[in-house]
Amino acid sequence: MHQSDNNWITIGRLSDLVVGSGVGARYGDRQVAVFLIPQLDDQVFVLDNYCPISGVNIIARGMVGDIQGEPVVATPLYKKHFSLLDGRCIEDDSHKLTTYAVRIEGDELQVAASRKEADAAA
């Protein structure tokens with residue numbers, strides 16, 4: 001991970017991602033899950049990798065699909081579905097994952113450097 005400019009941090013390369021699957025990456029002191037879904041307008045989604053239901057970093061290992069057209073990832077252990085768009089748990093709204101603004105610069109995968117930039121870019 002390196003600082004690419006004042007507002008964005010490079011967390012990996014687009015070429016490292018696997019279509020339709022999650023990949024774990026480091027973002028500061030957190031682990032994030034990165035998903036590449038080329039069929040959607042927003043092709044890359046970045047969410048917390050930490051599952052609030054199981055208490056482990058495992059979201060990147062979840063199965064990607066959709067529920068009524070909304071892209072989701074199912075947690076590997078409990079099969080609960082989190083929206084890739086806003087991080088909410090479809091089955092239990094008391095659980096939510098943080099989502100991050102993302103951009104592609106060449107082959108670099110970049111995430112907003114702070115929640116403030118992430119909220120502004122959303």
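This report describes the fold, the surface and the nonpolar cores of one protein.

The model is predicted: local features need pLDDT of at least 70, side-chain atom pairs count only at pLDDT 80 or more, and totals for chains, interfaces and linings use all residues. Residues are numbered from 1 along each chain as its sequence is written, and side-chain values use heavy atoms, without hydrogens or water.

**Fold.** The protein has eleven strands and one helix. Their order from the N terminus is β-β-β-β-β-β-β-β-β-β-β-α. Helices (H or I, at least four residues) and strands (E, at least two) are DSSP runs, numbered from the N terminus.

| Property of the protein | Value |
|---|---|
| Buried residues | 39% of the 122 residues |
| Accessible surface | about 6700 Å² |
| Surface belonging to carbon and sulfur atoms | 46% |

Buried means under 20% relative accessible area, exposed over 50%, partly exposed in between (1.4 Å probe, protein chains only). Accessible areas come from the Shrake-Rupley method with a 1.4 Å probe; for residues, only the protein chains shown count as cover.

**Cores.** A nonpolar core is a set of buried Ala, Val, Leu, Ile, Met, Phe, Trp, Tyr and Cys residues joined through side-chain atoms within 4.5 Å. The largest has 14 residues, and Phe35 and Phe45 are among those that touch the most other members. Strands S4 (30-36) and S5 (44-48) each supply at least two of its residues. A separate core has 13 residues, including Ile11 and Leu109.

**Glutamate 70.** This residue lies in strand S7 (residues 70-74). Glutamate 70 counts as buried because its relative accessibility is 17%. Beyond four places in sequence, its contacts (heavy atoms within 4.5 Å) include Arg88 and Ile90.
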